[in-house]
Amino acid sequence: MSTATIDQPSTLNTVLWASVLGTVIEWYDFLIYGTAAALVFNKLFFPSFAPAAGTLAAFGTYAVGFAARPLGGIVFGHFGDRIGRKTMLMLTMMIMGGGTFLIGCLPTFEQIGIWAPLLLIVLRFIQGFGLGGEWGGAVLMVIEHAPNGRRGLYGSLVQMGFPLGVAASTGIFVPLSAMPQSDFQSWGWRIPFLLSVLLVGVGMFVRMRLSETPAFRHMRTTEEVSRRPMLEVFSRVPRTVLIAIGMKISEVAWVYTLTVFSIVYATTKLGLPRTLILNGIIAGALLELITLPLAGALSDRFGRKPIYLTGVVLSIACAFPVFWLLETRDPVFVIVGLALVMNVTHAIGFGIGASWMPELFGTRVRYTGASLGCQVSAALSGGFAPIIATALLAWSGATWPVSLYLIALGLIAAWAVTVARETHAEGIGGA
């Protein structure tokens, strides 16, 4: 047995767990904003609005982060395909952590007037810009190290950073939301944002130990690095970009509908306790720690397409029942329902997407192509899903338009998955 073979498991394990830890921190930073927007930002930064309008305005600043994600994907994808994956991962963590910490220091509307929401928008943009480059780099670090036939599993393990980030970002608000309302609004909400600086320090230390991926090193020594990755993507494989966007557009809308919109709907329209919904979201996130690697492993065995398509079909089927479960107001149905729906509508596709989406692109432009597919769909449906759902609810007074909206996105995803190339048996190297 060669030395390379002996060293490979240790190297891969280091890359895997460093990527997962870093991704947990990045998602924690990004997701605490959504929970805070649902719970308190409408009162602190948009107090002159009516309650419904204030919620829409808070979700509007939430969506700014998603609008910035494609730009981050383009910029970091460009340099990630030219310079390497590791350097970009270090930069994205610094940018994300800095933006998050400063949100925790931000004065409110009562203190500085219109500057408060304006600065909030700027910092949210910085968060989204950082996250836009994070996902592509994190998954490429792992799947470009992973052996053939196991990329689905290893890629899905990186995605565990999201449910762990959901559990952490939501869970930290559970004890804080039990504080007296005056204390929570004056200083309690800031704690999750200020803690980010400690988490980023840990993440930076871990990521400094990573080495560049074998696929990128091989590409750099055997061919010319792409000078304009984004131009190359759109000139050579524009259809692949559209397919990648369509694949993710339903899954990403579902998770933010469940983790953001459901909090507002359940607490304001159904009168349910905030802690009940937060507990349901945490339960779903923890269950995803099983569903994600299971979906990834099954895609290695049976192919990406059939497992992913199963998740899309189940998403369409859940569009109406998810709200029926909430409307029972029964704690068991609410928690179990949120947990199960979150897993079939989000975890299956999210777990497989970490390997399938990058596999659709060659090594020369993989960072840019995968980032565009992920981040454009996140901007189109993820960031706007809570806004659209809230507006549809305000217009109709019911959730059936929200269900139809989710079904429409599911049909788009079904088309994309059907026409996408099956890649589970392909190699990861080459252009």
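This is a predicted model: local features need pLDDT of at least 70, side-chain atom pairs count only at pLDDT 80 or more; totals for chains, interfaces and linings use all residues.
Residues are numbered from 1 along each chain as its sequence is written, and side-chain values use heavy atoms, with hydrogens and water left out.

**Surface patch**
- The largest share of the patch, 4 residues, comes from helix H5 (residues 115–143), where helices are DSSP runs (H or I) of at least four residues, numbered from the N terminus.
- Trp-115 has its place in helix H5, and Trp-115 counts as exposed because its relative accessible area is 56%, given that exposed means over 50%, buried under 20% and partly exposed in between.

**Nonpolar cores**
- Of the 121 residues in the largest nonpolar core, Phe-41, Phe-45, Trp-189, Met-247, Tyr-256 and Ile-277 touch the most other members; a core is a set of buried Ala, Val, Leu, Ile, Met, Phe, Trp, Tyr and Cys residues joined through side-chain atoms within 4.5 Å.
- Helix H1 (residues 3–45) supplies the largest share of this core, 20 residues.
- Apart from this core lies another, of 8 residues, among them Phe-76, Met-88, Ile-143 and Ile-428.

**Salt bridges**
- The structure holds 10 salt bridges, each being a side-chain nitrogen of Lys or Arg within 4 Å of a carboxyl oxygen of Asp or Glu.
- Glu-232 forms a salt bridge with Arg-364, their closest N and O atoms being 2.8 Å apart. Glu-232 lies in helix H13 and Arg-364 in the loop between helix H18 (331–359) and helix H19 (366–382), so the pair ties together parts that are 132 residues apart in sequence.
- Both Glu-232 and Arg-364 are buried.
- Arg-421 forms a salt bridge with Glu-426, with 3.1 Å between the closest N and O atoms. Arg-421 is partly exposed, because its relative accessible area is 37%.

**A buried charge without a partner**
- Glu-288, placed in helix H15 (residues 274–302), is buried yet has no salt bridge, and the nearest side chain of opposite charge, Lys-248, is 10 Å away. Here Lys and Arg count as positive and Asp and Glu as negative, while His and the chain ends are not counted.

Methods:
Helices (H or I, at least four residues) and strands (E, at least two) are DSSP runs, numbered from the N terminus. Buried means under 20% relative accessible area, exposed over 50%, partly exposed in between (1.4 Å probe, protein chains only).
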